[in-house]
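User: Hello! I am new to this structure and would like to get to know it through a few questions. Could you take me through it?

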Amino acid sequence: MTAEAQDLLPAALTMGTVMLKVGDMKVMTDYYQRALGLDIVAEQDGGLYLGRRQKPLVHLAPAPGLNIPSRGEAGLFHTALLFEDQPALAATVASAARYEPLSFTGSADHLVSEAFYFTDPEGNGVELYWDRPREAWSWEGKSVVMDSLALPPQRYLEQHLTEESLSGQHQAGAGVGHVHLQVGDVQSAHDFYVGTLGFEKTAGWHGQALFVSAGGYHHHMAMNVWNSRGAGPRQDTLGLGEVLIEVPSGDDVGALADRLKVAGIDSHHTGAELRFDDPWRNRIRVAVR
């Protein structure tokens, strides 16, 4: 393995559970169960893990007394749930739209994927999406070609929603495909997520957004300044609690711990996992899958 390859996150990296600090557990649990079709797969310390097929995707942790962050603060832009096929995506888009029509905020054909956007009851962004096959993606050098083309939701549901996908919604698999953050500036995000952590940049957007991945995915994480340009470190608020990144081996965790130490970034290494903050106090956990 070359020194350059050793400084990259492993190609087999996947995104794990996203933890949200929640003010009203009843309302938020109802949303993630009924609107997004997730099931409670575990309970811990008053919090709930919700997911599909016993795989946790979202961890709702009670945080009474905390405020909802202002629009311009750093934190979560959206948690993106990835579906296995278009009918499964359509079923969850339909249930989310039916649950609260005003929570729908848009849709787009990104060339690599088809995406629908919602906001949960406490203002956390949610993306529901399906990936086109990798062989259908286009690359220009090391940059994946993405766009935001019209994707009319009603037509999409007419084309892909089936009785079978609606009735089997909870049995259909899903995963956390990527996590998109709000940050204060794109260059600092690049220095941290690419320069230190070892993601590879896959796309940018006019100096306002950065997309990064491991192993040639279109993006496992993204950062933008659309609402949050100039934002400093986060206060303790509702919303994003932590992002979990899963890697194949303890060696991957150890190599990252070394990179953080060299960069002078504080981290806590338990042996099984590594905990640290990005420059805006977004908490990251990297653990063996």
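User: Is tryptophan 226 buried, partly exposed or exposed?

Analyst: This is a predicted model, in which local features need pLDDT of at least 70, side-chain atom pairs count only at pLDDT 80 or more, and totals for chains, interfaces and linings use all residues. Residues are numbered from 1 along each chain as its sequence is written, and side-chain values use heavy atoms, with hydrogens and water left out. Buried means under 20% relative accessible area, exposed over 50% and partly exposed in between, with a 1.4 Å probe and protein chains only. Tryptophan 226 has a relative accessible area of 38%, so the residue is partly exposed.

User: Which kind of aromatic pair do tryptophan 205 and tryptophan 226 form?

Analyst: Rings of Phe, Tyr and Trp (its six-membered ring) pair if their centres lie within 6.5 Å; planes under 30 degrees apart count as stacked, over 60 as edge-to-face and the rest as tilted. The structure holds nine aromatic pairs. For tryptophan 205 and tryptophan 226, the distance is 5.8 Å centre to centre and the planes are 90° apart, a pair that is edge-to-face.

User: What is the angle between the planes of phenylalanine 192 and tyrosine 193?

Analyst: Both phenylalanine 192 and tyrosine 193 are buried. Their rings form an edge-to-face pair, 5.0 Å centre to centre, and the angle between the planes is 80°.

User: How do the axes of H3 and H4 lie to each other?

Analyst: Axes are lines fitted to C-alpha atoms, for helices over the stretch in contact, and angles run from 0 to 180 degrees between N-to-C directions. Angles under 35 degrees count as roughly parallel, over 145 as roughly antiparallel, 65 to 115 as roughly perpendicular and the rest as oblique. The axes of helix H3 (residues 86-99) and helix H4 (residues 153-160) come within 9 Å and cross at roughly 130°. H3 and H4 are therefore oblique.

User: Which residues of H4 does H3 meet?

Analyst: Contact means heavy atoms within 4.5 Å. Ala, Val, Leu, Ile, Met, Phe, Trp, Tyr, Cys and Pro count as nonpolar, Asp, Glu, Lys and Arg as charged, and the others, Gly among them, as polar. On the H3 side, Gln86, Pro87, Leu89, Ala90, Val93 and Ala94 take part, and the residues of the contact of H3 with H4 divide into seven nonpolar, two polar and no charged. The residues of H4 that they meet are Tyr156, Leu157 and His160.

User: How many charged residues are in the contact of H2 with H3?

Analyst: The axes of helix H2 (residues 25-35) and H3 come within 8 Å and cross at roughly 140°. Val27, Asp30, Tyr31, Arg34 and Ala35 of H2 make the contact with Thr92, Ser95, Ala96 and Tyr99 of H3. The residues divide into five nonpolar and two polar, and the charged ones number two.

User: Where is aspartate 45 found?

Analyst: Aspartate 45 has a positive phi of about 50° although it is not a glycine. With a relative accessible area of 74%, aspartate 45 is exposed. Its place is the loop between strand E2 (39-44) and strand E3 (47-52).

User: Is threonine 79 buried or exposed?

Analyst: Threonine 79 is found in strand E5 (residues 75-83). Leaving aside neighbours within four places in sequence, threonine 79 is in contact with Val18, Gly125, Val126, Glu127, Val176 and His178. The relative accessibility of threonine 79 is 6%, so the residue counts as buried.

User: What separates the C-alpha atoms of asparagine 224 and alanine 189?

Analyst: Asparagine 224 is found in strand E14 and is buried, with a relative accessible area of 0%. Not counting residues up to four places away in sequence, asparagine 224 touches several residues, including Phe77, His180 and Gln208. Alanine 189 is 35 residues apart from asparagine 224 along the chain, and their C-alpha atoms are separated by 8.9 Å.

How values were computed. Helix = DSSP H or I, 4+ residues; strand = E, 2+ residues; numbered from the N terminus.
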